[in-house]
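Here's a quick walk through a two-chain model, starting with one chain's fold and ending at the contact with its partner. Keep the viewer open as you read.

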Amino acid sequence: MAHRLSFSESLSYDAGNPGITVAVTLRLDRAQVDCEAKVDTGASLCVFARSHGEQLGLDIADGLRQVIGTVTGSFVVYLHEVDFTVAGLEFSAFVAFAEDETFQRNVLGRRGFLEQVTLGLVDYEGKLYLNRYPDDTNTGL
Amino acid sequence: MTFMSTTLDEVLREARKLAPDERRELAERLLEESPRSATDGGKTHGQKDDGLSADVRRQRLEWLKSHRAEYGGQHVALDGAALVAVGQSYREAKEKALSAGKPGAFVTYLPKPDEVAEWGGW
């Protein structure tokens, strides 16, 4: 049985790099920060470097405190509501900013991102496809 | 207004025929011409709050902090800072909010107070 999905957006990434890295623009009121983030289906949350949140004018520690567990330990983040854009699609979500200033990784995870899209991946070609979900074009799923 | 809706539908129908890159360019040009502070500006997928202010965000954050023990581990849908729906999934909360006549409700997962979130493979 064939399954069909349709996507409004596509973007290319360097399949030779570790991780699937896409451009993200974070926004809060009139402030905006451009950065790159890795799409990570294994991450519960969207997590960004503390400096990005500070550039948006956020008081990081004023957010909702959350512990994230890793294979080797854990780290603390603070959740804040921000807007962000990926491949031309805009989202508003509760995303995490790391407490540790040395934490420099940005991740697009499940809560706030994956739960709001249909995602297609052809790693062989370095292509990622995105569509908003729910979306009229996918109501037949 | 029917005339406006019909016109918008027609424009959207034509825009959907464009190649992805052309659609992106069209969207970027339209965004450039229409500031985010305009009436409908800045609306984002699934979270259509008109003129969302820092105060609303602040109230929402405070609501989430103060109701973490009660609703933690679930998705909540907030209209401003007022709870309109709770669900075990994003979909359930979203659909309940739609049924409640709040299509622009902010839907988010609220972690339990002692919850440890998963970190992926990076």
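## Chain A: layout and shape

Reading from the N terminus, the elements of chain A go β-β-β-β-α-β-β-β-β-β-β, which comes to one helix and 10 strands. Helices (H or I, at least four residues) and strands (E, at least two) are DSSP runs, numbered from the N terminus. This is a predicted model, in which local features need pLDDT of at least 70 and side-chain atom pairs count only at pLDDT 80 or more, while totals for chains, interfaces and linings use all residues. Residues are numbered from 1 along each chain as its sequence is written, and chains are lettered from A and ligands numbered from 1 in the order in which they are written.

How compact is chain A? Its radius of gyration is 16 Å, close to the 14 Å from the globule rule for 141 residues, so chain A is as compact as a globular protein of that length. That radius is taken over C-alpha atoms, and the rule is 2.2 Å times the number of residues to the power 0.38. Along the principal axes, the C-alpha atoms of chain A fill a box of roughly 50 × 35 × 25 Å.

## Chain A: packing

Of the 141 residues in chain A, 39% are buried (20 or more other C-beta atoms within 10 Å of a residue's own, with C-beta atoms placed from the backbone). Take the contacts in chain A between residues at least 6 apart in sequence: 58% of them join residues at least 24 apart. Here a contact means C-beta atoms, placed from the backbone, within 7 Å.

## Chain B: strands

In chain B, strand 1 (residues 74-79) pairs antiparallel with strand 2 (residues 82-87) over five bridges; two strands pair if DSSP finds at least two bridges between them. B:Val76 sits opposite B:Val86 there. The two strands form a hairpin with two residues between them, and B:Gly80 in the turn has a positive phi of about 65°.

Strand 1 of chain B also pairs antiparallel with strand 3 of chain B, over five bridges, with B:Phe106 as the bridge partner of B:Leu78.

## Where the chains meet

The contact takes 35 residues from chain A and 26 residues from chain B. On the chain B side, the elements giving two or more residues are helix 2 (20-33), helix 3 (54-66), strand 3 (106-110) and strand 4 (116-118). Helix 3 of chain B has the largest share, six residues.

Strand pairing crosses between the chains too: strand 5 (residues 64-69) of chain A and strand 4 of chain B run parallel over three bridges, and A:Ile68 stands opposite B:Ala117.

Conventions:
Two residues are in contact if their C-beta atoms, placed from the backbone, lie within 7 Å. A residue is buried if 20 or more other C-beta atoms lie within 10 Å of its own, exposed if 12 or fewer, and partly exposed in between; C-beta atoms are placed from the backbone.
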